[in-house]
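Have the sequence and the model open side by side as you read.

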Amino acid sequence: FVKRFQQEARIIARLEHPYILPVFDYGEENGTAYFVMRYLDTGTLKDKLISEKLSLDEVNRIFIQLTDALGYAHAQGVIHRDLKPANVLVDSTGNLFLTDFGIAKILESASPSLTQTSAIMGTPTYISPEQASALPVDQRSDIYSLGVILYEMVTGQVPFVADTPLGVIIKHLSEPLPLPSLVNPDISPAIERVLL
């Protein structure tokens, strides 16, 4: 665990981007591993989505910041693997900070002895089909999760809901994306094409 934690801490610490929550330090003290990160007295994108309906301008601003942060992480060879609104902090000015790279993976240099295989990693509501099938993942898995977040920001709900986490995973694997205009009739055909 400590070796994995240290590897993941090194991954996160090297990501210096305006929309990624910075890691200042990491280590171990008396058997407890820790991160030292910037403190934000704020909420998450999840909180924001629960408390308000976003305008398309606000969705666009948020989406640009998320794609900028994610694109930077991908350019550094890092996949997040658990992209969801709860892992996006929002500061008092409305800027975003992508956080919780706890199951992040370095694409080319991850040590096989430190990575888990044949394990589903991620949150069922936002999980990509590859992750749900415990297949190898790359940047496209994060892009799928980002698409689910965009769908939720525009329609007001996630595309797949079920009584159990496994039920949600099965829907990601087997069902077509519900038409956004059926969820929110105010969505224009142009926006619906983007979401689809």
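The points below go from the overall picture to a few local details.

1. First, some ground rules. This is a predicted model, in which local features need pLDDT of at least 70 and side-chain atom pairs count only at pLDDT 80 or more, while totals for chains, interfaces and linings use all residues. Residues are numbered from 1 along each chain as its sequence is written, and side-chain values use heavy atoms, with hydrogens and water left out.

2. The protein has 8 helices and 7 strands (DSSP runs numbered from the N terminus: H or I of at least four residues for helices, E of at least two for strands). Of its 196 residues, 43% are buried (under 20% relative accessible area with a 1.4 Å probe, protein chains only; exposed is over 50%, partly exposed in between).

3. Take contacts (heavy atoms within 4.5 Å) between residues at least 6 apart in sequence: 61% of them join residues at least 24 apart.

4. Now look for the open sheet, where 3 strands run in the order 3-5-6 with antiparallel pairing (two strands pair if DSSP finds at least two bridges between them). Strand 3 (43–44) and strand 6 (96–98) are at the edges with a single partner strand each, so one side of each has no neighbour in the sheet.

5. Strand 5 (residues 88–90) and strand 6 are joined in the antiparallel sense by 3 bridges, and Val90 sits opposite Leu96 in strand 6. Packed on this sheet is helix 3 (residues 56–75), which touches strand 5 and strand 6 and makes an angle of about 30° with the direction of strand 6 (axes are lines fitted to C-alpha atoms, for helices over the stretch in contact, with angles from 0 to 180 degrees between N-to-C directions).

6. Is Arg81 buried or exposed? Arg81 is buried, at a relative accessible area of 12%.
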